[in-house]
Amino acid sequence: MATQTRLSTGSDEDQRHARFDNELDSIRSAVEERIRSLLPAENGSTDLLTQAMRAATLSAGKRMRPLLLMLVARDLDCSTPGLVDVACAVEMVHAASLILDDMPCMDNAMLRRGKPTIHIQFGEDVAILASVALLSRAFSVLSSAEGISPFTRSRLVVTLAETVGAQGLVKGQFLDLRAGARQSPDEIAATNELKTGILLGVAVEMAAVVAQADDSVTRSLRAFALAAGQAFQLRDDFLDGPGNDSAVTGKDTGKDQGKATFINTLGLEEARRRLGAHLRDADRHLLAALGSKQRTRRYLGGLFAQYQPARHARPAPGQLAGRDQASGTRLGARFG
Ligand code: GRG
């Protein structure tokens, strides 16, 4: 009897992992399928604009923002069908921003998601147009999302527009490009918030708006996303560092040389410590927002379990390729 209980406890845990992995896969597939149908269909081999839009959104990204949006909504017991469209709109904005970020006048990157960047594949003119077209498609998708009231849709549109604009993502990118290599830790954190945290923040905020969550829950969710965004930007900076292989990360490395990042300014050890502190903050805010609901927390735990910056910033073989895992430990505990 005792053996049976032990065996069934072990297999329950495995089943829980498998069920969660399936849930993540099915959200990713639903989002990708929906993006495919929301974008214009390719009209022959000369239709470079459509090809570029589809390549930028449907290439092998993690879909972190749509996953966070959908998981937070499920943790808030909301399953409105239109949520997938809201998630697709956020992913389109993200893809539009990556196209521009990679261009020669910005990061001048050659490789993204294991493939040549969009301007390398299609030309700079097409890349700019594809980015603008994706951005405008994102807003049209949001303004007609199924099963969401006109009032809520207009709130979503305003929220996303303010996130992208001159006080949001665009400002973050401007600061990243032009603020210079000598910045204080607070200035670096402010740039990282605008560049990365703000789009994670809008994803969880839009889930809260659709779920009609209380203001206090929405505030905690936003604080969670901003802390997770700081952690995620640090993870991204570690991936840019020496010893990382672009064959593993799928993108160029060394792009942060001469830039004000925490690693360049404060060193690897302090950057690693901050990453752990931000993850623990994220965990605290998530607990305040969602209590015992675990989907969002498990996803974030899995994302960071796949990458732990070693003291020399080189991921162990396969560290980035692992499956999503449910982390039983406190978020950030392993980062010191
Ligand atoms: C027109 C929407 C728009 C924006 C203009 C160019 C720009 C302003 C902003 C770029 C900001 C930027 C690229 C920040 C980096 C964020 C980041 C950490 C990207 C990597 O995200 P992942 O790892 O990528 O989620 P995948 O490929 O998995 O989707």
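**A first walk through the model**

Me: Where does Leu24 lie?
Reply: Leu24 lies in helix 1. Please note that the model is a predicted one.

Me: Is Leu24 buried or exposed?
Reply: Leu24 is buried, because 20 other C-beta atoms lie within 10 Å, and a residue counts as buried at 20 or more.

Me: How many residues apart along the chain are Leu24 and Arg295?
Reply: They are 271 residues apart along the chain, and their C-alpha atoms are separated by 9.5 Å.

Me: What about Val31, where is that?
Reply: Val31 is also placed in helix 1, which covers residues 2-38. Val31 counts as buried because it has 23 C-beta neighbours inside 10 Å.

Me: Which residues is Val31 in contact with, leaving aside neighbours within four places in sequence?
Reply: Those contacts are Arg63, Pro66, Val84, Ala87, Cys88 and Glu91.

Me: Changing topic: how many residues surround the ligand?
Reply: The ligand is surrounded by 20 residues, and the closest are Gly61, Lys62, Ser97, Asp101 and Gln173. The elements that give two or more residues to this shell are helix 4 (83-101), helix 6 (124-143), helix 8 (169-178), helix 9 (185-210) and helix 10 (215-240).

Me: Where does the largest share of the shell come from?
Reply: The largest share, six residues, comes from helix 4.

Me: What is the make-up of the shell by class?
Reply: The shell around the ligand has nine nonpolar, six polar and five charged residues.

Me: How many helices does the protein have?
Reply: The protein has 14 helices, together with two strands. Of its 336 residues, 42% count as buried. Among contacts between residues at least 6 apart in sequence, 75% join residues at least 24 apart.

Me: How many residues has helix 13?
Reply: Helix 13 (residues 268-290) has 23 residues. From its first C-alpha to its last it reaches 33 Å, close to the 33 Å expected at 1.5 Å a residue.

Me: What do its buried residues pack against?
Reply: The buried residues of helix 13 pack against helix 3 (64-75), helix 10, helix 12 (262-266) and helix 14 (295-305). Among those buried residues are Arg272, Leu275, His278, Asp283 and Leu286.

Me: What follows helix 13?
Reply: Helix 13 is followed by Gly291, whose phi is positive, near 55°.

Me: Which residue other than glycine has a positive phi near 55°?
Reply: Gln212 has such a value. Most residues other than glycine have a negative phi. Gln212 is in the loop between helix 9 and helix 10. Gln212 is exposed, with 12 other C-beta atoms within 10 Å.

Me: And Arg113, what is its phi?
Reply: Arg113, although not a glycine, has a positive phi of about 50°. Arg113 is found in the loop between strand 1 (111-112) and strand 2 (115-116). Arg113 is partly exposed, with 17 other C-beta atoms within 10 Å.

Me: One more loop residue: where does Asp256 lie?
Reply: Asp256 lies in the loop between helix 11 (246-249) and helix 12. Not counting residues up to four places away in sequence, Asp256 touches Asp237, Asp240, Thr261 and Asn264.

Me: Finally, what pLDDT does the protein average?
Reply: The average pLDDT is 90, and 89% of the residues score at least 70. Over residues 312-328 the pLDDT is below 50, although this stretch has 38 contacts in the model beyond near neighbours in sequence. Where pLDDT is low, the predicted coordinates should not be read in detail.

Notes
Residues are numbered from 1 along each chain as its sequence is written. This is a predicted model: local features need pLDDT of at least 70, side-chain atom pairs count only at pLDDT 80 or more; totals for chains, interfaces and linings use all residues. A residue is near a molecule or strand if its C-beta atom, placed from the backbone, lies within 6 Å of it. Helices (H or I, at least four residues) and strands (E, at least two) are DSSP runs, numbered from the N terminus. Ala, Val, Leu, Ile, Met, Phe, Trp, Tyr, Cys and Pro count as nonpolar, Asp, Glu, Lys and Arg as charged, and the others, Gly among them, as polar. The expected span of a helix is 1.5 Å times one less than its number of residues. Two residues are in contact if their C-beta atoms, placed from the backbone, lie within 7 Å. pLDDT is the predictor's confidence in each residue, from 0 to 100.
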